[in-house]
Amino acid sequence: MKKIEIYLKILDIKRRLLMLLNSDEYSYQRLYALYREYLQLVVQIQNCIPSYKKWSYENNCYFYSLDLPTPNIFYHAASKLDDALFSTNVGNISGRDYLIDDNFCTDTILEAMYADLDILNIRYFPSAINLPPKHNGYKIAIFVDEDGVDYHFARQNGNGKWSQKNGYCYEFYYGDNPMDLLNDEYSHYEYIKTLEIVKPTIKR
């Protein structure tokens with residue numbers, strides 16, 4: 001598929017979303033199905049490796065680490081549903097429920113993340129914080145709260161520096177090592193593993 005074809009498909013998704021908003025079949029499930037389709041296209045036209053830049057999307061550290069945008073049109077569409085919150089948590093891409101309480105553990109988080117990556121056709125390989133990428137991708141580091149109630153992600157950018165986003169806030173941290181990014185707010189997070197991820201970016 002050529003880039004222009006992908007851009008046209010993205011425009012068509014936004015057109016279908018506007019039509020859905022005015023139909024009797026509008027639901028959160030249909031909204032997220034369109035968003036999933038949108039992400040499957042976006043990862044094909046993104047840069048293979050993210051650069052550290054201003055991030056204006058209202059999503060969390062997980063979507064920031066994967067460099068996945070969330071245009072305002074999707075948040076606006078979700079706001080039209082009663083009590084709907086447009087979620088960008090681990091597992092949402094693959095259609096899983098938010099991980100809470102007794103099902104929130106390291107294995108479950110990783111399983112849900114792998115399912116998300118598979119849906120987006122993003123390949124992933126074991127790596128380490130200090131190892132260079134070996135598959136022309138970039139690295140993400142994964143952390144879990146020691147109390148088992150939250151997770152955290154950081155990513156390595158094209159210049160070799162690591163960065164992270166503070167939840168859904170517009171606060172970012174930048175450093176040489178993801179462990180150095182664990183400030184007071186994230187000091188109780190345990191490092192789990194590092195992955196190199198490779199997006200299905202089409203050739204320029």
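**Close-up views of a predicted model**

**Figure 1. Helix H1 passes helix H2 in a left-handed crossing.** The model shown here is predicted. The axes of H1 and H2 come within 10 Å and cross at roughly 165°. An angle over 145 degrees counts as roughly antiparallel. H1 and H2 are therefore roughly antiparallel to each other. On the H1 side, the contact is made by Lys3, Ile6, Tyr7, Lys9, Ile10, Ile13, Arg16, Leu17 and Leu20. On the H2 side, these residues meet Arg30, Leu31, Leu34, Glu37, Tyr38, Leu41, Val42, Gln44 and Ile45. Sorted by class, the contact holds 12 nonpolar, one polar and five charged residues.

**Figure 2. Helix H4 also makes contact with H2.** H2 covers residues 28-45, and H4 covers residues 72-79. Their axes come within 11 Å and cross at roughly 170°. H2 and H4 are therefore roughly antiparallel to each other. H2 contributes Leu31, Leu34, Tyr35 and Tyr38 to the contact. H4 contributes Phe74, Ala77 and Ala78. The contact has seven nonpolar residues, with no polar and no charged ones.

**Figure 3. Helix H2 and its buried residues.** H2 has 18 residues. From its first C-alpha to its last, H2 reaches 26 Å, close to the 26 Å expected at 1.5 Å a residue. Which residues of H2 are buried? They are Leu31, Tyr32, Leu34, Tyr35, Tyr38, Leu39, Leu41, Val42, Val43, Gln44 and Ile45. What covers the buried residues of H2? The cover includes helix H1 (3-21), helix H3 (61-65) and H4.

**Figure 4. Leu11, an exposed residue in helix H1.** Is Leu11 buried or exposed? Leu11 has 56% relative accessibility, so it counts as exposed. Leu11 and Tyr38 are 27 residues apart in sequence. In space, their C-alpha atoms are 9.4 Å apart. Tyr38 belongs to the buried residues of H2.

**Figure 5. Asp67, a buried residue with a positive phi.** Most residues other than glycine have a negative phi. Asp67 is not a glycine, yet its phi is about 60°. Where does Asp67 sit? Its place is in the loop between H3 and H4. The relative accessible area of Asp67 is 7%, so Asp67 is buried.

**Figure 6. Asn121, an exposed residue with a positive phi.** Asn121 is another residue other than glycine with a positive phi, near 60°. Asn121 lies in a loop, between helix H5 (106-119) and strand E1 (123-127). Its relative accessible area is 53%, so Asn121 is exposed. Asp67, by contrast, is buried.

Figure 7. Along the sequence, the pattern is α-α-α-α-α-β-β-β-β-β-β. The protein has 204 residues, and 47% of them count as buried. Consider contacts between residues at least 6 apart in sequence. Among these, 68% join residues at least 24 apart.

Terms used
Residues numbered from 1 in each chain as written. Predicted model: local features only at pLDDT ≥ 70, side-chain atom pairs only at ≥ 80, totals over all residues. Heavy atoms only, no water. Axes fitted to C-alpha atoms, helices over the stretch in contact; angles between N-to-C directions. Helix = DSSP H or I, 4+ residues; strand = E, 2+ residues; numbered from the N terminus. Parallel < 35°, antiparallel > 145°, perpendicular 65-115°, else oblique. Contact = heavy atoms within 4.5 Å. Nonpolar A, V, L, I, M, F, W, Y, C, P; charged D, E, K, R; others polar. Expected span 1.5 Å × (residues − 1). Buried < 20%, exposed > 50% of the residue type's maximum accessible area, 1.4 Å probe, protein only. Left-handed = near helix turned anticlockwise from the far one by under 90°.
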